[in-house]
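Here is a short report on one protein chain.

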Amino acid sequence: MYRNAKNVGYYMIGSGSLTQLGDLLGARRAAVNGPAVFFVDKFFEGKDLLAKLPVENKDMVLYVDTADEPTTDSVDGYTDQVKAFLNGATPCALLAFGGGCVLDTCKCVGNLLTNPGKAENYQGWELVKNPAPYKIAVPTLSGTGSETSRTGIICNEAKNIKLGMNSDYTMFEQVLLDPDLTASVPRNQYFYTGIDTYMHCFESITGSYRNVVVDSLAEKAIDLSKQVYLSSDMMSDENREKLMIASFLGGMAAGFVGVVHPISAGLSMVLHMHHGIANCYALSVLEDIYPDEYKDFMVMMERQGIDLPKGICKGLTDAQYDALYGASIVHEKPLSNRLGPDFKKILTKENVIERFLRM
């Protein structure tokens, strides 16, 4: 069966383009007589970014704690805060400033503003029935592709599963990409987050659930990622813009992933590890499944002076190892995408735990 695919409606890219945000938001204020809600990474609280944003007195600024990845509980909590602030009013726009954690939080809260129930009710495919308010993404990190993907990823700790709200209604209507916003990102975080594009794109084109459009987008995103990470300076002005474009294209290409993301999800659920670095640890023990990509990844880390400390899973309890396996193997679609329907014969419990022990 063919799926009718949707992309982001509008995008703007370029150094200094943040100065145009007031014009973009102004059009929304003229169309809808309601406040704007700004979702801002708590990292920026007290910093000069807020002074550059077109915030008016009637608007809400909500600082999102990104110490941990979004959870069903945190999304429900932010939804309650926004609903209380709006008091029945319709927002002219929801705006997200940050990395994947903030963008995903904004997307998921948007869905809950117009759909009843809790975040956990909408983890899965096509469960969101009503359109969310208009949303604008302004990434301050590159790599997750959240700015263009149709998914808002959240961790359900009660069920030990990391799963998204996968819906056309989850997507942003407007994206603004200003590479100046990534200039101050710490070097390691820039690598860990940015490399997510490379990973979900090579997982996509090495799987069995493919189409020519996704392949084309993924191939270009991989090419741009290699240009960035195999260069002498991944954070040059030119490379920061390239990585933003790679992330933008990679988000549109994000269909079914492969083995990296399920193993990464296990680390996020059990060790509360952030997605980007969890992906790096996952690929570091998947050289038998992705031999070429593993070699490229190791060269990229060496070229950029990045290392992964060993021993993160040593000394865990049997219950924790069981939880790591359970939170990884539950992702049947991506695992079968790469390994086929008999993936559990390859990724036995012993096999998966052995991989975690090598991290």
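The radius of gyration is taken over C-alpha atoms, and the globule rule is 2.2 Å times the number of residues to the power 0.38. For 359 residues that rule puts a compact globule near 21 Å; the protein chain has 20 Å, so the two agree. This is a predicted model: local features need pLDDT of at least 70, side-chain atom pairs count only at pLDDT 80 or more, and totals for chains, interfaces and linings use all residues. Residues are numbered from 1 along each chain as its sequence is written, and side-chain values use heavy atoms, without hydrogens and water.

Overall values for the protein chain:

| Property | Value |
|---|---|
| C-alpha span along principal axes | about 55 × 45 × 45 Å |

Now the interior. A nonpolar core is a set of buried Ala, Val, Leu, Ile, Met, Phe, Trp, Tyr and Cys residues joined through side-chain atoms within 4.5 Å. The largest one holds 93 residues, and Phe39 and Phe191 touch the most other members. Helix H4 (residues 187–205) gives this core its largest share, 9 residues. Helices here are DSSP runs of H or I, at least four residues, numbered from the N terminus.

What does Phe191 contact, leaving aside its neighbours within four places in sequence? Its partners are Tyr229, Met234, Cys280, Phe297, Met300, Met301, Gln304 and Ile306. Contact means heavy atoms within 4.5 Å.

A second, separate core has 19 residues, including Leu18, Leu24, Leu95 and Tyr134.

Note on methods
Buried < 20%, exposed > 50% of the residue type's maximum accessible area, 1.4 Å probe, protein only. Helix = DSSP H or I, 4+ residues; strand = E, 2+ residues; numbered from the N terminus.
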